Amino acid sequence: MCTNIVYEWLKTLQLPQYAESFVDNGYDDLEVCKQIGDPDLDAIGVAVPHHRRRIHEAVRRLKEADETAAGLYFTLEPQPPPPPPPPRPAPPAAGRRRGAAGGGGLAAYPRLKLKIMIRDKLVRDGINLSKPPYSNKVRTGRSEWLGGWCGFLFGETFLLCRRVMASLVFC
């Protein structure tokens, strides 16, 4: 027989031999055991008078403990799932990019898709940002000034692109 609260209770009363009968008759919880009377003890099979007295005394103590307790009773049950988070407000339309299809509707591009679109456009236009005049490698002579100027322009263009990308809405 598995150990339960009624078995432990009967064991403290030195009456564990009745545990199976208690459970078989529906007395598997101390709340139910508080209702035990003489007819119940007859049905359970507790015939020995001093065993009956011990059980009646223990039931009386259970009831008294209930009256003096703070009235806290809890069970271990699974918690209900948390409520879904409230919907996030839509971002303002000013930060969105117009769709390329010309439908006039607003479109949002995922960050990766936007990077691929920019890379493909640079390739189609023959622009390689790692080569002059877009790179800022150190040069000597007259080209040093031009390279510095291109590096400055690239940096400003890069910052502008970052600001534009930051204002776009990404999925």
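Start by selecting Gln14, which sits in the loop between helix 1 (5-12) and helix 2 (19-24). Keep in mind as you go that this is a predicted model. Check the backbone here: just after helix 1, Gln14 has a positive phi of about 60°, and this residue is not a glycine. Is Gln14 buried or exposed? Color by accessibility and you will find Gln14 exposed, with a relative accessible area of 60%.

Now step back to the start of helix 1 and show the side chain of Asn4. This residue caps the N-terminal end of the helix.

As a reminder, an α-helix has 3.6 residues a turn, so residues three or four places apart point the same way.

Next, move to the largest nonpolar core, which has 19 residues. Select Trp9, Leu10, Phe22, Cys33, Ile36, Val46 and Ile55, the members that touch the most others. Which elements give two or more residues to this core? They are helix 1, helix 2, helix 3 (30-33), helix 4 (38-44) and helix 5 (49-68). Helix 5 gives the most, with four residues.

For a last stop, center on Ile36. Leaving aside residues up to four places away in sequence, Ile36 touches Phe22, Tyr27, Leu41 and Val59.

Conventions
Residues numbered from 1 in each chain as written. Predicted model: local features only at pLDDT ≥ 70, side-chain atom pairs only at ≥ 80, totals over all residues. Heavy atoms only, no water. Buried < 20%, exposed > 50% of the residue type's maximum accessible area, 1.4 Å probe, protein only. Polar contact = N/O pair within 3.5 Å; in protein donor to acceptor, adjacent residues only side chain to side chain. Core = buried A, V, L, I, M, F, W, Y, C linked by side-chain atoms within 4.5 Å. Contact = heavy atoms within 4.5 Å.
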